[in-house]
Amino acid sequence: MSDSAVARCHCGGVELVAAFPSRFCAHCYCESCRTTHAAGVVTWIGFKRAQVRYTRGEDLLRDYLSSEGTHRKFCGRCGTRFTFESENPRWADEVHLPLALFVTAVDRVPDENSFTEERPEWAPFHAFA
Ligand SMILES: [Zn+2]
Ligand SMILES: [Zn+2]
């Protein structure tokens, strides 16, 4: 397996390389993720900031402050949601990326659910043992 993976937005304007090992991979059902991504669930894979390197178009990213200290960046050309970065000590120094944006294999599969209490009845759900 490679030691990193490539993620890019829909238009290809923004591209990055994330070096393994990733920190976690989880499905998030929180209202902020679902609304900003217009989706029933968002699957995130997390890395330390130092493991993520932009290879194209970082200047295309727009920064949306979805709550105090929480930055959700998206491609200013195609609108693809790209990163979750927070000043919350729990996630400080991390970059969370949507698993859906990876065009090469990552080093883990989703193995947990977050904020399930905010999941709409209709959203797809996979229970982990
Ligand atoms: Zn784009
Ligand atoms: Zn969330």
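This is a predicted model: local features need pLDDT of at least 70, side-chain atom pairs count only at pLDDT 80 or more; totals for chains, interfaces and linings use all residues.
Residues are numbered from 1 along each chain as its sequence is written, and chains are lettered from A and ligands numbered from 1 in the order in which they are written.

Back to Asp93, which belongs to the loop between strand E8 (81-86) and E9. Helices (H or I, at least four residues) and strands (E, at least two) are DSSP runs, numbered from the N terminus. The phi of Asp93 is near 70 degrees, a positive value in a residue other than glycine. Most residues other than glycine have a negative phi, and most peptide bonds are trans. Leaving out residues up to four places away in sequence, Asp93 touches Lys48 and Arg49; contact here means C-beta atoms, placed from the backbone, within 7 Å of each other. Asp93 and Lys48 are 45 residues apart in sequence, yet their C-alpha atoms are 5.9 Å apart in space.

Lys48 also has a bridge partner in E9, namely Glu94. Strand E4 (residues 42-48) and E9 pair in the antiparallel sense over five bridges; two strands count as paired if DSSP finds at least two bridges between them. Strand E9 (residues 94-98) is mostly covered, with four of its five residues buried.

One of the residues of E9 that turns up in the core is Leu97. The largest nonpolar core has 23 residues, and those with the most contacts inside it are Ala7, Ala18, Cys28, Trp44, Phe82 and Leu97. Such a core is a set of buried Ala, Val, Leu, Ile, Met, Phe, Trp, Tyr and Cys residues joined through C-beta atoms within 7 Å. Two or more residues of this core come from each of E1, E2, E4, strand E7 (70-75), E8 and E9, and the largest share, four residues, comes from E4. Setting aside neighbours within four places in sequence, Leu97 is in contact with Ala7, Ala18, Trp44, Ile45 and Thr83.

Elsewhere there is an open sheet of three strands, in the order E1-E2-E5, with antiparallel pairing. Its edge strands are strand E1 (4-8) and strand E5 (52-56), each pairing on one side only. Strand E2 (residues 15-19) and E5 pair over four bridges, and Leu16 has Tyr54 in E5 as its bridge partner.

The peptide bond from Phe20 to Pro21 is cis, with omega near 5 degrees, and Pro21 is found in the loop between E2 and strand E3 (24-28). Phe115, in the segment after strand E10 (112-114), has a positive phi of about 50 degrees although it is not a glycine. Phe115 is partly exposed, with 16 other C-beta atoms within 10 Å.

Conventions. A residue is buried if 20 or more other C-beta atoms lie within 10 Å of its own, exposed if 12 or fewer, and partly exposed in between; C-beta atoms are placed from the backbone. Two residues are in contact if their C-beta atoms, placed from the backbone, lie within 7 Å.
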